[in-house]
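Hi there,

Here is the structure I promised to pass on to you. Please open it and have a look before reading my notes below.

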Amino acid sequence: MSLSVLLQLRERVLQRQQGGYILTVEAGRSLLLSADARAESTLQTELMEIQERWRHAHHRLDQQRRALHSLLKVRQNHTSDNFVFK
């Protein structure tokens, strides 16, 4: 499987999971309103962890996009450097 196809699959998976992520965060925030102090602390920690993992997933995807773009650019430059006009 090529890197670009793999990256596209990861992007689609992340897009599909976005709805669940949003609903989870909204539900967590709603629960915070009626939680006692101990439950509120636990919920807040869990929400922060979920949000951090989500940001990390997006960050990794962006890094992979940039790396693929760089590889393609190097390949394109390498191929065009080897092209000889006759």
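Below is what was found in it, topic by topic.

First, some background: this is a predicted model, in which local features need pLDDT of at least 70, side-chain atom pairs count only at pLDDT 80 or more, and totals for chains, interfaces and linings use all residues. Residues are numbered from 1 along each chain as its sequence is written, and side-chain values use heavy atoms, with hydrogens and water left out.

**The core**

Which residues make up the largest nonpolar core? There are ten: Leu 7, Leu 14, Tyr 21, Val 25, Leu 32, Leu 43, Leu 47, Trp 54, Leu 61 and Leu 68. A nonpolar core here is a set of buried Ala, Val, Leu, Ile, Met, Phe, Trp, Tyr and Cys residues joined through side-chain atoms within 4.5 Å. Buried means under 20% relative accessible area, exposed means over 50%, and partly exposed is in between (1.4 Å probe, protein chains only). Helices α1 (3–34) and α2 (37–82) each supply at least two residues of this core; helices (H or I, at least four residues) are DSSP runs, numbered from the N terminus. In soluble globular proteins, nonpolar side chains tend to be buried together.

Leaving aside neighbours within four places in sequence, Tyr 21 is in contact (heavy atoms within 4.5 Å) with Ile 50, Gln 51 and Trp 54. Gln 51 sits in helix α2 and counts as buried, at 16% relative accessibility. With the sequence neighbours within four places again set aside, Gln 51 is in contact with Tyr 21, Val 25 and Arg 29.

**Salt bridges**

How many salt bridges does a search of the whole structure find? It finds three, where a salt bridge is a side-chain nitrogen of Lys or Arg within 4 Å of a carboxyl oxygen of Asp or Glu.

- Glu 11 and Arg 65 meet at 2.6 Å, N to O. This pair links distant parts of the chain, with Glu 11 in α1 and Arg 65 in α2, 54 residues apart.
- Arg 65 and Asp 62 meet at 2.5 Å, N to O. Both lie in helix α2, three residues apart, about one turn of the helix.
- Glu 52 and Arg 55 meet at 3.3 Å, N to O. They are separated by about one helical turn because they are three residues apart in helix α2.

Glu 11, Asp 62 and Arg 65 are linked in a network of salt bridges. Arg 65 is partly exposed, at 34% relative accessible area, and Asp 62 is partly exposed at 31%.

Enjoy exploring!
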